[in-house]
Amino acid sequence: MCEKLRICRKCLPGTDRDEYLENLAGYIERMDEEVKVSQPLYEERLSICASCQNLINGMCRLCGCFVELRAAQKVRKCPDIPAKWEKII
């Protein structure tokens with residue numbers, strides 16, 4: 001039996017964490033306003049994620065996403081059942 005290992009792209013050797021965070025913040029800032037949630041909603045989503053037991057090193061263990069990016073997008077939802085973000089919409 002062959003097992004495939006998932007490698008966290010965020011944790012690859014040679015990745016500078018500060019540079020990664022700067023690139024992510026810049027990407028979110030440059031997103032079209034039509035696809036981005038408001039700043040207060042973004043911060044509230046991140047606050048919910050920060051208290052979630054499925055958050056590890058900025059990633060959601062349920063879906064593998066980077067929560068900062070997922071929280072910024074209107075079309076994205078919390079992958080938990082029941083979804084934790086549903087309460088704030």
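The dialogue below takes a reader through the main features of this predicted model.

Q: What pattern does the chain follow along the sequence, and how many helices and strands has the chain?

A: Helices and strands are listed in order from the N terminus. In this structure there are three helices and two strands, and the order along the sequence is α-α-β-β-α.

Q: What share of the chain is made up of buried residues?

A: A residue is called buried when its relative accessible area is under 20%, and exposed when that area is over 50%. Of the 89 residues in this chain, buried residues make up 30%.

Q: How many disulfides does a search of the whole structure find?

A: A disulfide requires two cysteine sulfur atoms within 2.5 Å. The search of this whole structure finds zero.

Q: How far is the sulfur of Cys 60 from the closest cysteine sulfur?

A: The distance is 3.9 Å, to the sulfur of Cys 63, and this too is too far for a bond. Cys 60 is buried, at 10% relative accessibility.

Q: Where is Cys 49, and is this residue buried or exposed?

A: Cys 49 lies in helix α2, which covers residues 39–50. Its relative accessible area is 11%, so Cys 49 is buried. The C-alpha atom of Cys 49 is 8.8 Å from that of Ala 71, a residue 22 positions away along the chain.

Q: How many salt bridges are counted, and which side chains meet in them?

A: A salt bridge joins a side-chain nitrogen of Lys or Arg to a carboxyl oxygen of Asp or Glu within 4 Å. The count here comes to two. One pairs Lys 36 with Glu 33, at 3.4 Å from N to O. The other pairs Lys 84 with Asp 80, at 2.4 Å from N to O.

Q: Which residues form the negative surface patch?

A: Asp and Glu count as negative. The patch in this structure is formed by Asp 16, Asp 18, Glu 19 and Glu 22. Asp 18 is found in helix α1, residues 17–30. With 57% relative accessibility, Asp 18 counts as exposed.

Q: What is the phi of Asn 57, and where is this residue found?

A: Most residues other than glycine have a negative phi. Asn 57 is not a glycine, yet its phi is positive, at about 55 degrees. The residue is found in the loop between β1 (55–56) and β2 (59–60). Asn 57 is exposed, with a relative accessible area of 57%.

Q: Is the peptide bond from Ile 81 to Pro 82 cis or trans?

A: Most peptide bonds are trans. The bond from Ile 81 to Pro 82, however, is cis, with omega near -5 degrees. Pro 82 belongs to the segment after α3 (67–72).

Notes
Residues are numbered from 1 along each chain as its sequence is written. This is a predicted model: local features need pLDDT of at least 70, side-chain atom pairs count only at pLDDT 80 or more; totals for chains, interfaces and linings use all residues. Side-chain values use heavy atoms; hydrogens and water are left out. Patches are made of residues with over 30% relative accessible area and no salt bridge: like charges are joined within 9 Å, nonpolar side chains (Val, Leu, Ile, Met, Phe, Trp, Tyr) within 5 Å. Accessible areas come from the Shrake-Rupley method with a 1.4 Å probe; for residues, only the protein chains shown count as cover. The place of a charge is taken as NZ of Lys, CZ of Arg, CG of Asp or CD of Glu. Helices (H or I, at least four residues) and strands (E, at least two) are DSSP runs, numbered from the N terminus. Buried means under 20% relative accessible area, exposed over 50%, partly exposed in between (1.4 Å probe, protein chains only).
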